[in-house]
Amino acid sequence: MSSRSTPLGEFDLIDRFFKTGADSMPTNADEAIALGIGDDCALIKPPANEEIAITSDMLVEGRHFFAGADPALLARKALAVNLSDLAAMGARPLGFTLALALPAVDEVWLEAFSKGLFASAKEYSCPLIGGDTTAGPLTISITAFGAIPTGKAIRRSGAKAGDDVWVSGTVGDARLSLAALRHELNLSSEDLQQIEHRMHQPTPRLELGLHLREVATAALDVSDGLVGDLMHILKQSQVDAEIDLDKLPKSNILKKQESSIQNLFAASGGDDYELCFTASSSQREKIQAISKSLKLPLTLIGKILPKKGVEAKVYLLDASGTLLGDLQAAPFFNSFDHFAS
Ligand SMILES: [Mg+2]
């Protein structure tokens, strides 16, 4: 960690928290990290016949999380959302850098933050390899690096008419948690407890991403909302899609809500960090086998269609095949989302 950009000498102590943690990290199995923390740059030695995947995500207090949020959970989420992007491309993590702006040096906060960060880094075998700290409004910016065999990255542009559309896990619980915390609806504290981790501690679907290299034609992670995110695939692949809202996988807690809320949160809630992907219908058995081996539900939710108009479109159906709406431009669901802020 460098602290050159901060005028505060006390920020040197930040190094202590991160260097100690970084030193206890497992060394990268394939030794792709030739040099970690401690010099002007980290060095990544690209593994033979692999490409490096790079992604950055920033979390800003007041924008992406509430002031006073648990620092350990924040650290875990900041890393998880980056790893989720690696998962969506089919990359395995190599390492990450952290740029951290802090309003003041708070040892208790830093201790909890670095503990959370290194716990996640260990869990996903993704070491901290560098970064920077400065004084400023609380902002956590992580850049993650991953590796993918050359040509195997799952891009957003590969979906073909006739492909199935799939999503992993369940969708909508992060949005349901947010709604409950904002008192937009009633949820028992027991129910909230069961789903709150979906909002605070998303699980990057890294293992799934690796398996999808061989079967998916396109993929992304659901960060802003399933239907809106799917539009990115449709636009880049120049196709339309139909999605059966009744098939969206929902938790038993979400299923207790009225059906319009269920569909709204599942289709457009955001912060799910599940993978939405497309695949030829000839891959269905393989995909079910992947689901079984990972013990992760993978649900067929729709179909890719040839593009009819100038703009890519998604048609929303119910189980009877009735068209509930068609969408072609962001922001999606805003008229539908009566909780939109
Ligand atoms: Mg993403």
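I began with a definition: a salt bridge is a side-chain nitrogen of Lys or Arg within 4 Å of a carboxyl oxygen of Asp or Glu. By this rule I get 12 salt bridges.

**Ground rules**

I am working on a predicted model, where local features need pLDDT of at least 70, side-chain atom pairs count only at pLDDT 80 or more, and totals for chains, interfaces and linings use all residues. Residues are numbered from 1 along each chain as its sequence is written, and side-chain values use heavy atoms, with hydrogens and water left out.

**Entry: salt bridges**

I looked up D164 and R284, whose side chains meet in a salt bridge at 2.7 Å, N to O. D164 lies in strand β7 (residues 164-168) and R284 in helix α10 (residues 284-294), so this pair ties together parts that are 120 residues apart in sequence.

Next I checked accessibility, where buried means under 20% relative accessible area, exposed over 50%, and partly exposed in between (1.4 Å probe, protein chains only). D164 counts as buried because its relative accessibility is 1%. R284 has 35% relative accessibility, so it counts as partly exposed. I also noted that D164, R284 and K303 are linked in a network of salt bridges.

R205 sits in the loop between α6 (197-200) and α7 (206-212), and E274 in the loop between α9 (259-268) and β10, so the pair ties together parts that are 69 residues apart in sequence. Are R205 and E274 buried or exposed? Both are buried.

K313 is in the loop between β11 (298-306) and β12, while D326 is in strand β13, 13 residues apart. D326 counts as partly exposed because its relative accessibility is 37%.

**Entry: the sheet**

What is the order of the strands in the open sheet? I wrote down β8-β10-β7-β11-β9-β12-β13, a sheet of 7 strands with mixed pairing. The edge strands are β8 and β13 (323-327), each pairing on one side only. Two strands pair if DSSP finds at least two bridges between them.

Then I followed single pairings. Strand β9 (residues 239-244) and strand β12 (residues 314-317) pair in the parallel sense over 4 bridges, and E242 stands opposite Y315 in β12. On to β13: 4 bridges join β12 to this strand, and the two run antiparallel. Y315 stands opposite D326 in β13. β12 and β13 form a hairpin with 5 residues between them, and G321 in the turn has a positive phi of about 90°.

I also looked at the two faces of β12. V314 and L316 on one side and Y315 and L317 on the other are all buried, and both faces are covered.

How many of the 6 residues of strand β8 (residues 216-221) are buried? I found that 5 are, so β8 is largely enclosed by the rest of the structure. 5 bridges join β8 to strand β10 (residues 275-279), and these strands run antiparallel. D221 stands opposite L275 in β10.

D221 turned up again at the metal: D85 (OD) and D221 (OD) coordinate the magnesium ion at 2.0 Å. D85 lies in helix α2 (residues 71-89) and D221 in strand β8, so the pair ties together parts that are 136 residues apart in sequence. Donors are N, O and S atoms within 2.8 Å of the metal (3.2 Å for Na, K and Ca); water is not among the atoms, so sites may look incomplete. Both D85 and D221 are buried.

**Entry: helices α2 and α3**

I finished with α2 and helix α3 (residues 107-123), which pack at an angle of about 35° with their axes 7 Å apart. Axes are lines fitted to C-alpha atoms, for helices over the stretch in contact, and angles run from 0 to 180 degrees between N-to-C directions. The contact (heavy atoms within 4.5 Å) includes P71, A72 and L74 of α2 and W109, A112 and F113 of α3.
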